[in-house]
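Visitor: Could you walk me through this one? I would like to start with the charges.

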Amino acid sequence: MGAEMVSWFTGIDGETAAWMGIAAAILIGTNLGLLYWDRYLNKFHNEQEAKR
């Protein structure tokens, strides 16, 4: 990262950092939930359909 980005990160206040953490947690949680759904629940559904 360049000096501009480093100075931006050192200049943020606590509330901004908290909201950045919350937003990151929401995005990561959503992506992990979709990955779980696609990998496991969809596979289970396809196996049930194949038995019919």
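Visitor: How many positive and negative side chains does the chain have, and how far apart do the centres of the two sets lie?
Guide: There are 4 positive and 6 negative side chains, with the centres of the two sets 24 Å apart.

Visitor: What sort of model is it, and how are residues numbered?
Guide: This is a predicted model, in which local features need pLDDT of at least 70 and side-chain atom pairs count only at pLDDT 80 or more, whereas totals for chains, interfaces and linings use all residues. Residues are numbered from 1 along each chain as its sequence is written, and side-chain values use heavy atoms, with hydrogens and water left out.

Visitor: Which secondary structure does the chain have?
Guide: The chain has 2 helices and 0 strands, these being DSSP runs numbered from the N terminus (helices H or I, at least four residues; strands E, at least two).

Visitor: And what does the C-alpha trace span?
Guide: Along its principal axes the trace covers about 60 × 25 × 5 Å.

Visitor: What share of the residues is buried?
Guide: Buried residues make up 0% of the 52, where buried means under 20% relative accessible area, exposed over 50%, and partly exposed in between (1.4 Å probe, protein chains only). Aspartate 38, for instance, is partly exposed because its relative accessibility is 48%.

Visitor: Changing topic, how many aromatic pairs turn up?
Guide: The search of the whole structure finds 1 aromatic pair. The rings of tyrosine 36 and tyrosine 40 have centres 5.6 Å apart and planes at 40°, so the pair is tilted; rings of Phe, Tyr and Trp (its six-membered ring) pair if their centres lie within 6.5 Å, and planes under 30 degrees apart count as stacked, over 60 as edge-to-face and the rest as tilted.

Visitor: Where do those two tyrosines lie?
Guide: Tyrosine 36 and tyrosine 40 both lie in helix H2 (residues 14–51), 4 residues apart, about one turn of the helix.

Notes. Lys and Arg count as positive and Asp and Glu as negative; His and the chain ends are not counted. The place of a charge is taken as NZ of Lys, CZ of Arg, CG of Asp or CD of Glu.
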